[in-house]
Amino acid sequence: MTVGLKVVSEKASKTTHHNQEQSSPATTSIMSAPAASGAKTDKTREEILAEREAKKAAKLAAKTKSKDKDGPAPAKQQQQNAPSAGKAKEQRPASTKVEPAKAPPTELKKSSTDASICEKMKELHISDGPAGTAGTVAEKPETKELSKAERKALFEAKNPALAGNAAEGATKPAKPVLSKAERRAIQEAQRAAKAEAQQTKKRDTPAAKPDAKKPGPKADTEPVKTKPLAKKAATPTGAVGAAGAPRKHIVNLFNHLHQPKFAATDIVNSPTLHPAVTKLGIQYAKGAVVGSKARCLALLKVLNQLIHDYETPPEKEFGRSFEEMLNVSANHLQRCRPFSVSMTNALRHVKMYTRQLDGKVSVSEQKECLLESIESYIRDQIEKAEEAICCSVQDKICDGDVILTYGCSSLIKHILEEAIRRKKTFRVIIVNARPRQEENAMLEELVQLGVKCMCVLINAVAYVMPEVTKVLLGAHALLANGSVMSRVGTAQIALVAKSYNVPVLVCCETHKFTERVQTDAFVYNEIGNPNELVVAPRTRDNAEAKPMLADWETITSLTILNLHYDVTPPELVTAVVTEVAILPCTSVPVILRIKPSDVAY
C-alpha cells in the first residue's frame, strides 16, 4: 500500500465490498495488496478490513498521545501493540475462508511488511476531505470525551463575565416566604395608598380648573387639551348626574334594594297603561298613599276601574287578555314603589279568579264575577277582619291601663276608638319618630275624643316603659317564621318592653301573612328618600331656613340611610291578635294552610 492511498469511509467501503462480491468472486490475499495499489477500484475484502483496522489504530494512537504527553514510552508500546492486534484481526477472516488459489499463510508472519504498513498509516490523514480540515476532524473525539465538570470549567475560562454574574446570582439571598395574612396586609396597604393617591388627584384637579380657562399663548394652538381638564374638574363636585343619584352615597349592604328612577315620558300618555294606573303610581312614588291597608284598598279600587273600562281585543279571550294587561299595570306600580304583602295577596286573589273564569259565558258576566270577587275580598279580608280583631282586643283592655303605641296604624286607632265608646278609662303614650310625623294626626283625634295622651320620642321609650301596662303595635306583614315586619323602630320598642316584662300584642289581619321567611331587615326592605332625615320638621314649611346637613351630598364620606321597615323576632312578641283568634307568632303556617285560596298562585 503506497503513501498516496486514501482511506475511504465506512459507507464507501461497504458499497465497494458489495460490488466486489457481485463482480469478481475470486479474491486476492493480503500480501498482493502492494502489487495491486495502482488499481483503486479492485480492492479485496482483506484490503478493506485492513483499512478499517488501520483507521481504528490511528484513532487509538491519537487518544493515547493526547492523554499521555508526559510518558512517551507507554505510547510507543501501545502503537507497537496496535499493529499486532490488527494483524490478529486480519488473520481471523482469512482463516475462516478456504481458498485454494491463495498464497501460503506463512507469509503473513513477516514483520517487515507489518511495520512498514503501521509507519505509513501514521502519516495518513483519516479523512477524504482536504488536508486543512483533517486536524479539526481528529479533534472531535477529544471534545466528546470531556466530562460535564471539564466542559463547565472550559466555558467559564472562555466567558469570565458570565461566570461572575452566575456567582453573584448564587450569593443573592432567597426571598422570604410570606404567610397568607402578611400577603393580605400588603395588598390592603397597596390599595389604601392607591385610593389616597386618587383622592389627592381629585383634590388637585379642581385647582387646575381656573388655569384651563385662562387665555395663554398655546390656547389657540392646543384647544383640545384644555377641554378635558374642565370636564374632569366638574365631575367630582357634582352630587347628582344625568343618570340620577351618584353611586358613592349608597350603602353597599343595601345596594340590592335601590331601584333605578324612571322618566316621566315613559308613563305619560302610554298606550298600554290606564290613566288610573298612572295616577296611582305617582301617588305611591310621592308618598301620598301610605299604610299597608290604604295602599291595598287603593290598588283594589284601580283594579275595579280597569275591569269596567277594559275592552277585549278581537279574536282573544277576556280572561287571558285581561291578565296580560294586569301584569303590565302591576309591573308599572312595582317600579313606582315595591308592593306590600297585603297588595301582593290581593293581586293573587284577583289573578286566581281571572284564571277560573268560564270562557263560554259572555264578557259582561265574566266582568261581574271579577268585580264580585274584589268586593268580597274587601268585605271579608279587610273590613270584617278589622272588626273581629277590634272586638278581641277589647277584652284585654282594662280600666286604668297605660297603653303604649307606635306609629299611626289604622287598626290600632280603631281599637282605641272602640274602647272609648265602651267607656273605658285608660291613658295612651304615643311614640314618635322621624322622618314620618303620622303620630300627630292620631294624637289630635284621641285628644278630641277625651283621651289622656302623652307623646314622646323613641329615644325616651326606656324612660316611660316602667309605667306602661300593655304595648299595642301594628304590623306591615307577618312572616312564616313568626317574625313581625313593621315600621322601623318597632323592634327597639319590643325589646325594651321585653326587658320590663310588659306584654306586647301585635294586631294583624291574616291577609298580611306571607310564606316568606326573613330573619333580618337586610334581605328585603324599602329605602326612602334620605333628604327626609336631613330636613328638620320646622324647616320643611320654611324654605328660608337652611338645615345643618343641607349640602350633605357633597360630602363623599357621609351616607344617609332611610329604611322603612325592621324585623322583630318572635321571642319579643307575646301574642298576635287576628280575626281567627289570639295566636302565638309560630302559628302563621297554620293560618296559611287553612286559607289555600289566598296562597294558591
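Student: Let's start with α15. Which strands does this helix lie across, and at what angle does α15 run to β9?

Tutor: This is a predicted model, and in it α15 lies across β4 (470-473), β7, β9 (575-577) and β10. The helix runs at about 130 degrees to β9. Those strands belong to an open, mixed sheet of seven, ordered β3-β2-β1-β4-β7-β9-β10.

Student: What makes β3 and β10 edge strands?

Tutor: Count their partners. β3 (452-457) and β10 (582-583) each have a single partner strand, so one side of each is left without a neighbour in the sheet.

Student: How do you know that β2 and β3 pair?

Tutor: Two strands count as paired if there are at least two bridges between them. β2 and β3 have six, in the parallel sense, so they pass that test. For an example, look at I430, which stands opposite C455 in β3.

Student: And how do you know that β6 and β8 pair?

Tutor: Four bridges join β6 (residues 484-487) and β8 in the antiparallel sense, and at least two are needed, so they count as a pair. At one of these places, R487 has Y565 in β8 as its bridge partner. These strands sit in an open antiparallel sheet of three, in the order β5-β6-β8. α19 packs on that sheet, where it touches β6 and β8, and its direction makes about 30 degrees with that of β8.

Student: What covers the buried residues of α12?

Tutor: The cover includes α11, α13, α14, α15 and β8 (565-568). Among the buried residues of α12 are L300, L303 and L306. In α13, the buried residues include F322 and L333, and the buried side of this helix packs against α11 (275-286), α12, α14 (341-355) and α15 (363-394).

Student: Which residues have the most contacts inside the largest nonpolar core?

Tutor: They are Y284, L300, L303, L306, F322, L333 and I374, in a core of 34 residues. α11, α12, α13, α14 and α15 each supply at least two residues, and α12 gives the most, with eight. Leaving out residues up to four places away in sequence, I374 touches L300, L303, N304, I307 and V350. Another core lies apart from this one, with 22 residues, including I415, L416, A419 and C507.

Student: Why is the contact between E386 and K293 called a salt bridge?

Tutor: The cut-off is 4 Å between a side-chain nitrogen of Lys or Arg and a carboxyl oxygen of Asp or Glu. For E386 and K293, the closest N and O atoms are 2.4 Å apart, so the pair qualifies. E386 is in helix α15 and K293 in helix α12, 93 residues apart.

Student: Why is E386 called buried?

Tutor: Buried means under 20% relative accessible area. E386 has 9%, so it counts as buried.

Student: What makes K470 and D401 a salt bridge?

Tutor: Their closest N and O atoms are 2.9 Å apart, and the limit is 4 Å, so they count. K470 lies in strand β4 and D401 in strand β1 (residues 401-406), so the pair ties together parts that are 69 residues apart in sequence. Both residues are buried.

Student: How do you know that E315 and N501 are exposed?

Tutor: Exposed means over 50%. E315 comes out at 86% and N501 at 70%, so both pass. E315 is in the loop between α12 (292-309) and α13 (318-336), and N501 is in the loop between α19 (490-499) and β7 (504-507). Phi of E315 is near 60 degrees, a positive value in a residue other than glycine, and N501 likewise has a phi near 60 degrees.

Student: Last one: where is the cis peptide bond at P435, and what is its omega?

Tutor: The bond joins R434 and P435, with omega about 5 degrees. P435 is found in the loop between β2 (426-432) and α17 (439-448).

Notes: Residues are numbered from 1 along each chain as its sequence is written. This is a predicted model: local features need pLDDT of at least 70, side-chain atom pairs count only at pLDDT 80 or more; totals for chains, interfaces and linings use all residues. Side-chain values use heavy atoms; hydrogens and water are left out. Buried means under 20% relative accessible area, exposed over 50%, partly exposed in between (1.4 Å probe, protein chains only). Contact means heavy atoms within 4.5 Å. A nonpolar core is a set of buried Ala, Val, Leu, Ile, Met, Phe, Trp, Tyr and Cys residues joined through side-chain atoms within 4.5 Å. Axes are lines fitted to C-alpha atoms, for helices over the stretch in contact, and angles run from 0 to 180 degrees between N-to-C directions.
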